[in-house]
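Hi there,

Here is the structure I promised to pass on. Have a look at it first, and my notes on its aromatic side chains follow below.

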Amino acid sequence: GTILEVEGPENHDPATLEKRHGALVPGFINTHCHLELSHMKGRAPTGTGLIAFIEAVVRDRSSDPELIRDAIEKAEEEMRNSGIVAVGDISNQTDTVPVKHNSPLRYYTFVECFDFLEGGAKAREALTRFRPAFDEIRASDRHRKALVPHAPYSVSIDLFGMLRSAQQDTEVTISIHNQETPEEDRLFQAGESAFRDFYQRFGNYLPGFRPTGTRSIHYAMAHMDPGQRTLFVHNTCTGAEDVRAAHDWSDRVYWATCPNANLYIENRLPDYRMFVAENARMTIGTDSLTSNWQLSILEEMKTIQKYNSWIPFEVLLRWATLHGAEALGFDRYLGSLDKGKRPGILLLEGEGPAFTTHPGSGVTVLVPAG
């Protein structure tokens, strides 16, 4: 699977060449997935908004362990068959551990922690509760892990501090959900938000929470390490000022977009024109089968281009490959067709230079990740 040389056809006898119509590209990088929620496909209705979606996940997440295990195995197979070679996967539990230990894919497991802004003893309990999932992942050259904050609206200052103290390695990637719904910014700007009502239904009246008067991403950045790679996920409501502030805060910021999940949950998409104008390093994720119809980076590219036909194929390809590999720290091996890398090789087939616009376009995995 290692690329030994990158050469043109002039270096070979024409009779020995195998000709294919399409584009040869490196394997796709899925920077945001919830593999452990694969058994919930079709259980959450579309278009409800984020808070109602979260309630559906909390309500319906429990299931038969065998069903969960089977769904995880099938979802991972789906990702491999669609040309994905590495995954940034969110975990709160240990359900995905067996699959990852035996997988040909590279995984960066983000063990997500949250205390619903309660802080104090609740923050310590949260770290204790999620630690087993972190400890069971065997870190290696192929598989990496990090303890990460779930989202600004669910992580207290205390828990942010504990997570930062727990891992001070500058080569770690920190993933955090960001500005997925307008209610998130409203919580921090004014304190009145559907999130406050959501927490109250669980008996949490946010006694220690004080609005910051700023948008939520500023609260997150104030309590995270700018020296670490940071992957902001979703960014459906992120504005140009937010992006500029993040780029001033750190030069190691990446932005993961999950367009089909954004449409599934909030029926809206991020402002891609703004992200391109701000030279943001975009990556692509699928989110989970709870909020998507499939786990395919190519389908995410098609959705982006369907509503943003001005984005060139080459730009989308960089989002789907090299930027994702860099965000997860796998760019030494993956993300581009360069000598010495083992990126997997895919054939995209379709009509014209914009392969993602053809309804019958697809992906053939010529060389799997090795």
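A question to start with: is Phe116 buried, partly exposed or exposed? With a relative accessible area of 33%, Phe116 is partly exposed. Please keep in mind that this is a predicted model.

Phe116 has a partner in Phe114: the two make a tilted aromatic pair, with 5.1 Å from centre to centre and 50° between the planes. Phe114 itself counts as buried, because its relative accessibility is 18% and the cut-off for buried is under 20%. Both rings belong to one aromatic cluster, together with Phe130, Phe198, Tyr199 and Phe202.

In total, the structure holds 16 aromatic pairs. Another one of them is Tyr108 with Phe330, whose ring centres are 6.4 Å apart; the planes meet at 55°, so this pair is tilted. What I like here is where the partners come from. Tyr108 is in strand β4 (residues 106–113), while Phe330 sits in the loop between α14 (322–327) and β10 (345–349), so the pair links parts of the chain 222 residues apart. Tyr108 counts as buried at 2% relative accessibility, and Phe330 counts as buried at 0%.

Arg273 lies over the face of Trp310, 4.2 Å from the ring centre. Over the ring of Tyr254 you will find the charged end of Arg281, at 4.5 Å from the centre of that ring.

Best wishes

Notes. Residues are numbered from 1 along each chain as its sequence is written. This is a predicted model: local features need pLDDT of at least 70, side-chain atom pairs count only at pLDDT 80 or more; totals for chains, interfaces and linings use all residues. Side-chain values use heavy atoms; hydrogens and water are left out. Rings of Phe, Tyr and Trp (its six-membered ring) pair if their centres lie within 6.5 Å; planes under 30 degrees apart count as stacked, over 60 as edge-to-face and the rest as tilted. Helices (H or I, at least four residues) and strands (E, at least two) are DSSP runs, numbered from the N terminus. Buried means under 20% relative accessible area, exposed over 50%, partly exposed in between (1.4 Å probe, protein chains only). A charge sits over a ring if NZ of Lys or CZ of Arg is within 6 Å of the ring centre and within 35 degrees of the ring normal.
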